Amino acid sequence: RGFPVADGLGGEIPVDDTEVNLKVITKLICSAQTREKFLKILQYTAKLLSYGLVKALGDPASYGKHFEALAKNLSTARRFFKLCRWFKHFEDIADAKAEKAPLFSGLLCLDVAANVVADVSEDITSLEKVGFLKKGVLPKRTEYYSNWCQLALAVVEIAVSHIKASRAQAKAKAAASSNAGVVPVDVRRKKTLAELELSKYYADLVKAFWDCELSFASELAFILSGLWAAAVSTHKYALKVVK
């Protein structure tokens, strides 16, 4: 039957029936999106370690600086994966036009536009970050204004996700009322995933507060929100890969 590890490593992907085995892991590793999101988890984990070592222990052995440098390197590595990802958002135009509710259809179109602008602005900063452009070619505040695009995107995504989550919750409620209080597994999972996605965009908003240098922003909140958003995104794309 081959190596035992191929039959399963124990456990399933959360909110899904997919068993974690060698084949599934190989699929995840071969996906650029899941690798990028996993790097994001490592990046914010490194940031959290750095923050804890510096704030709690004063960083006596300079490990805080080491983990902060690691986080920056991981951030740069992720930029290679994200270059030109804004092309994929054009696929969402058809879904936006197909939406029957006019206001929500308009909001979905705005969401597409916000995603494209945010990703293009990030690509522009990446050209200098990864070395395609010589440092100093772009204006000093280019990344700062790019971060404001991300903040605006987070607000739009929250509005869209609130509606999607509300629809999923309504479907779950309707299914429960027509099935003696029992919600079918697929309906319950769609509701859970919609709520997770909404929480991810709230985390993006908290993260954007720090990136945009707002006075009330917290560095610890920035790190924890980034870590949560990374975990939810990794899970989302992992499900897409294994399906």
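Predicted model: local features only at pLDDT ≥ 70, side-chain atom pairs only at ≥ 80, totals over all residues.
Residues are numbered from 1 along each chain as its sequence is written, and side-chain values use heavy atoms, with hydrogens and water left out.

K236 sits in helix α8, residues 219-242; helices here are DSSP runs of H or I with at least four residues, numbered from the N terminus. With 30% relative accessibility, K236 counts as partly exposed, that is, between buried (under 20% relative accessible area) and exposed (over 50%), using a 1.4 Å probe and protein chains only. E195 lies 41 residues from K236 in sequence, with 12 Å between their C-alpha atoms.

Helix α8 also packs with α2 (residues 32-57), at an angle of about 160 degrees and with the axes 8 Å apart. The axes are lines fitted to C-alpha atoms over the stretch in contact, and angles run from 0 to 180 degrees between N-to-C directions. The pair is therefore roughly antiparallel, a label for angles over 145 degrees. The contact of α2 with α8 draws on 16 nonpolar residues, six polar and five charged; Ala, Val, Leu, Ile, Met, Phe, Trp, Tyr, Cys and Pro count as nonpolar, Asp, Glu, Lys and Arg as charged, and the others, Gly among them, as polar.

Elsewhere, just after α5, G131 takes a positive phi of about 105 degrees.

Note on methods: Helix = DSSP H or I, 4+ residues; strand = E, 2+ residues; numbered from the N terminus. Parallel < 35°, antiparallel > 145°, perpendicular 65-115°, else oblique.
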